[in-house]
Amino acid sequence: GFARAEGEDACSRCDPNHYALERWATCRPCEAGEFSASGAAECTPCEEGFARAEGEDACSRCDPNHYALERWATCRPCEAGEFSASGAAECTPCEEGFARAEG
């Protein structure tokens with residue numbers, strides 16, 4: 001989680017959502033759908049039901065009627081006739097006698 005560019009006197013701790021391995025000159029950003037604390041040697045994938053777009057500070061829980069699988073950058077809406085609670089990894093079909101429009 002530290003890097004030292006040529007000409008710098010000391011190694012610098014990587015910022016959150018960046019990482020560096022031993023002997024790297026620069027910290028690299030985590031991919032969308034991943035995160036890290038400052039000084040990290042690797043990025044961690046967002047859990048199912050959470051997503052992180054590039055530029056966001058942390059993984060965010062998906063809203064109701066949205067879902068995300070591991071490492072997704074955005075939560076996706078459920079299809080018409082499906083629903084989910086917040087933080088869902090999948091949508092559930094509405095039971096017979098129930099309906100839900102898209103949106």
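How far is the sulfur of Cys94 from the closest cysteine sulfur? In this predicted model, the closest cysteine sulfur belongs to Cys78, and the distance of 9.1 Å is too far for a bond. Cys94 itself is partly exposed, because its relative accessibility is 21%. Cys11 is likewise in no disulfide. For Cys11, the nearest cysteine sulfur is that of Cys27, 9.5 Å away.

Other cysteines do find partners, and the count comes to five disulfides. When the bonded cysteines of the protein chain are numbered in sequence order, the pairing reads 1-2, 3-4, 5-6, 7-8, 9-10. Three of these bonds are followed here, one after another.

The link of Cys14 and Cys27 is left-handed, with -85° about the S-S bond. Cys14 lies in the loop between β2 (12-13) and β3 (18-19), while Cys27 lies in the loop between β3 and β4 (28-29), so the bond ties together parts that are 13 residues apart in sequence.

The torsion about its S-S bond is about -85°, so the disulfide of Cys30 and Cys43 is left-handed. This pair links distant parts of the chain, with Cys30 in the loop between β4 and β5 (34-35) and Cys43 in the loop between β5 and β6 (44-45), 13 residues apart. Cys30 is buried, with a relative accessible area of 5%, and Cys43 is buried too, with 13%.

Further along, Cys78 is joined to Cys91 by a disulfide with an S to S distance of 2.0 Å. The link of Cys78 and Cys91 is left-handed, with -85° about the S-S bond. Distant parts of the chain are linked here as well: Cys78 sits in the loop between β10 (76-77) and β11 (82-83), and Cys91 in the loop between β11 and β12 (92-93), 13 residues apart. At 3% relative accessibility Cys78 counts as buried, and Cys91 is buried with a relative accessible area of 16%.

The aromatic residues come next. A pair of aromatic rings is described by the distance of the centres and the angle of the planes. The count comes to two aromatic pairs. In one of them, the rings of Tyr19 and Trp24 have centres 5.4 Å apart and planes at 55°, so the pair is tilted. Tyr19 counts as partly exposed, at 22% relative accessibility, whereas Trp24 is buried, with a relative accessible area of 19%. Trp24 also has a charged neighbour: the charged end of Arg28 sits over its ring, 3.8 Å from the centre.

Tyr67 and Trp72 form an aromatic pair that is tilted, with 5.5 Å centre to centre and 55° between the planes. Here Tyr67 is partly exposed at 22% relative accessibility, and Trp72 is buried, with a relative accessible area of 16%. The charged end of Arg76 sits over the ring of Trp72, 3.8 Å from the ring centre.

Terms used
Residues numbered from 1 in each chain as written. Predicted model: local features only at pLDDT ≥ 70, side-chain atom pairs only at ≥ 80, totals over all residues. Heavy atoms only, no water. Phe/Tyr/Trp six-rings, centres within 6.5 Å; stacked < 30°, edge-to-face > 60°. Buried < 20%, exposed > 50% of the residue type's maximum accessible area, 1.4 Å probe, protein only. Lys NZ or Arg CZ within 6 Å of the ring centre and 35° of its normal. Disulfide = S-S within 2.5 Å. Helix = DSSP H or I, 4+ residues; strand = E, 2+ residues; numbered from the N terminus.
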